[in-house]
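Student: I would like to learn how to read features in a protein structure. Could we go through some of them one at a time?

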Amino acid sequence: MYEGIVQELIDELGRLPGIGPKSAQRIAFHIVQTQSFDVTRLADILREVRDKVRFCSICGNVSEQETCSICRDPRRSPATICVVEEAKDVVAIERTREFRGLYHVLGGAISPIDGIGPDDLRIRELVQRLADGTVTEVIIATDPNLEGEATATYLTRLLVQPGLRVTRLASGLPVGGDLEYADEVTLGRAFEGRRLVES
Amino acid sequence: MPLYRDEAVVLRTHKLGEADRIVTLLSREHGKIRAVAKGVRRTSSRFGARLEPFMVVDAQFYEGRSLDIVQQAETLGAYGGDIVGDYASYTAANAMVETADRLTDDGNSLQQYLLLVGALRSLARREHPAGLTLDSYLLRSLAIAGWAPSFGDCAVTGAPGPHSAFVVQLGGVVADAVAPPGSPRLDAATLALLGALLSGDWPVAEAADERTRSQATGVIAAYAQFHLERGLRSLEHVERAGGPR
């Protein structure tokens with residue numbers, strides 16, 4: 001235990017996700033000992049983030065305005081919606097520069113054991129976005145784990161309607177890996193999703 | 001080196017740090033195991049897919065101070081993919097693993113292990129309706145844990161049945177002489193279905209109509225939640241015929 005405010009700082013840092021007691025102590029001592037570290041800027045940004053950042057009223061992505069920059073961008077195709085679990089998945093897909101449609105952030109995945117059912121996610125909002133018929137394809141990009149697959153199964157069943165294509169991101173072998181090290185589940189998926197090579 | 005190897009079914013996982021998971025497994029010989037699986041959330045992980053819930057694996061563990069560490073895992077039964085393809089099966093499987101998690105500890109749980117693996121395999125193969133499989137699993141897992149309900153003879157006096165008063169707190173049906181006033185009454189069809197689910201008489205169970213199944217499900221849920229003391233979170237999300245309960 002350290003004295004007073006130093007211990008308070010360690011305790012507060014330790015409440016952040018992924019920061020254990022040792023990491024909290026290391027960060028706290030970096031702040032205390034490093035004179036060049038701009039504490040005021042960090043404090044200002046933390047306050048600003050809390051005040052300014054909200055969730056886009058259309059897609060649920062993080063935004064500083066009522067709607068996010070992707071929903072406001074007229075160059076994005078409103079005919080395609082990519083459904084993701086978390087806002088950080090939007091960033092991962094944007095890095096690919098392959099997708100030019102819009103997003104819908106669910107806010108998690110269906111996990112009954114954790115008490116999360118379909119009503120706890122932004123599924124109702126997704127259905128409302130599809131009501132006017134503008135959207136012709138929904139790409140389900142939930143995580144390729146059990147909860148993500150279950151969410152995809154639920155959405156696929158819910159969204160089936162004439163004039164709407166529901167697709168799921170392919171899953172299989174990672175680029176740069178060796179086939180012999182692939183587990184049988186991943187390799188099985190890769191076989192299932194094999195595609196015709198144009199001759 | 002403190003290494004051990006066992007067959008186990010994955011009950012649930014929790015995220016840990018950047019790319020690790022804490023995996024809770026029910027093993028054949030070591031009871032419930034909580035172990036860290038390092039790096040399994042990375043797409044390059046060699047055994048991440050094998051440590052998803054409902055997978056049955058042959059795994060090697062390194063004994064740690066608080067949590068063990070998964071060193072290797074080979075698939076024995078990949079039920080997750082088939083279960084997740086049917087939403088009702090997925091929600092039923094969640095209730096099963098939550099029940100197994102609550103009923104077992106680090107002691108020997110061979111019967112619970114075998115029952116759970118059999119139930120997950122049955123769900124994956126769509127052998128019976130998911131709701132009936134779950135109800136049968138709940139009754140049998142409680143019976144293994146020492147809380148076998150009585151659907152024939154009186155649970156208090158042992159007087160031969162049939163009896164219609166069902167009292168969760170007394171362990172099943174009871175004779176009219178000992179039934180508390182206002183005890184709920186079950187009809188003969190529901191009692192027959194409950195008995196069939198407990199003994200695994202599938203032709204009888206599958207012949208039951210929807211109303212009888214629904215009544216039996218309510219009885220089983222109340223019985224399970226009473227003995228588990230805390231409610232099962234996944235049970236309210238279970239999808240039965242006609243939508244989630």
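Student: By about how much of the helix are Glu98(B) and Arg102(B) separated in helix 2 of chain B?

Tutor: Before the answer, note that this is a predicted model. Glu98(B) and Arg102(B) are 4 residues apart in helix 2 of chain B, so about one helical turn separates them.

Student: What joins the side chains of Glu98(B) and Arg102(B)?

Tutor: The general idea is that side chains of opposite charge can pair when their charged atoms come close. Here Glu98(B) and Arg102(B) form a salt bridge, with 3.9 Å between the closest N and O atoms. Glu98(B) has a relative accessible area of 7%, so this residue is buried. Arg102(B) is at 24% relative accessibility and therefore counts as partly exposed. There is also a network in which salt bridges with shared partners join Asp114(A), Arg12(B), Lys32(B) and Asp101(B).

Student: How many salt bridges are there over all chains?

Tutor: The count is 21. One of them is between the side chains of Asp73(A) and Arg75(A), at 3.2 Å from N to O. Asp73(A) counts as buried because its relative accessibility is 17%, and a value under 20% is what buried means. Arg75(A), at 67%, counts as exposed.

Student: Which residue of chain B does the side chain of Glu184(A) meet in a salt bridge?

Tutor: Glu184(A) meets Arg50(B), with an N to O distance of 3.0 Å. This pair crosses between chains: Glu184(A) belongs to helix 8 (residues 184-192) of chain A, while Arg50(B) sits in the loop between strand 3 (32-37) and strand 4 (55-62) of chain B. Glu184(A) counts as partly exposed because its relative accessibility is 34%. Arg50(B) is buried, its relative accessible area being 10%.

Student: Now to strands. Where do the side chains of strand 3 of chain A point?

Tutor: In a regular strand the side chains alternate between the two faces of the sheet. In strand 3 of chain A, Thr80(A), Cys82(A) and Val84(A) point one way, Ile81(A) and Val83(A) point the other way, and all are buried. With 5 of the 5 residues of strand 3 (residues 80-84) of chain A buried, the strand is largely enclosed by the rest of the structure.

Student: Which strand of chain A does strand 3 pair with over 4 bridges in the parallel sense?

Tutor: Strand 5 (residues 137-140) of chain A pairs with strand 3 of chain A in that way. Within this pairing, Cys82(A) stands opposite Ile139(A). Strand 3 of chain A also runs parallel to strand 4 (residues 102-105) of chain A, and 4 bridges join them. There, Val84(A) stands opposite Val105(A).

Student: Is Asn94(B) buried or exposed?

Tutor: Asn94(B) counts as buried, at 4% relative accessibility. This residue is found in helix 2 (residues 87-103) of chain B. A polar atom of the Asn94(B) side chain lies 2.9 Å from the backbone oxygen of Tyr90(B).

Student: What is phi of Glu229(B)?

Tutor: Glu229(B), which is not a glycine either, has a positive phi of about 70 degrees. Glu229(B) lies in the loop between helix 7 (210-228) and strand 8 (239-240) of chain B. Its relative accessible area is 74%, so Glu229(B) is exposed.

Key. Residues are numbered from 1 along each chain as its sequence is written. Chains are lettered from A and ligands numbered from 1 in the order in which they are written. This is a predicted model: local features need pLDDT of at least 70, side-chain atom pairs count only at pLDDT 80 or more; totals for chains, interfaces and linings use all residues. Side-chain values use heavy atoms; hydrogens and water are left out. Buried means under 20% relative accessible area, exposed over 50%, partly exposed in between (1.4 Å probe, protein chains only). Helices (H or I, at least four residues) and strands (E, at least two) are DSSP runs, numbered from the N terminus. Two strands pair if DSSP finds at least two bridges between them. A polar contact is a pair of N or O atoms within 3.5 Å; within protein, one must be able to donate a hydrogen and the other to accept it, and residues adjacent in sequence count only if both atoms are side-chain atoms. A salt bridge is a side-chain nitrogen of Lys or Arg within 4 Å of a carboxyl oxygen of Asp or Glu.
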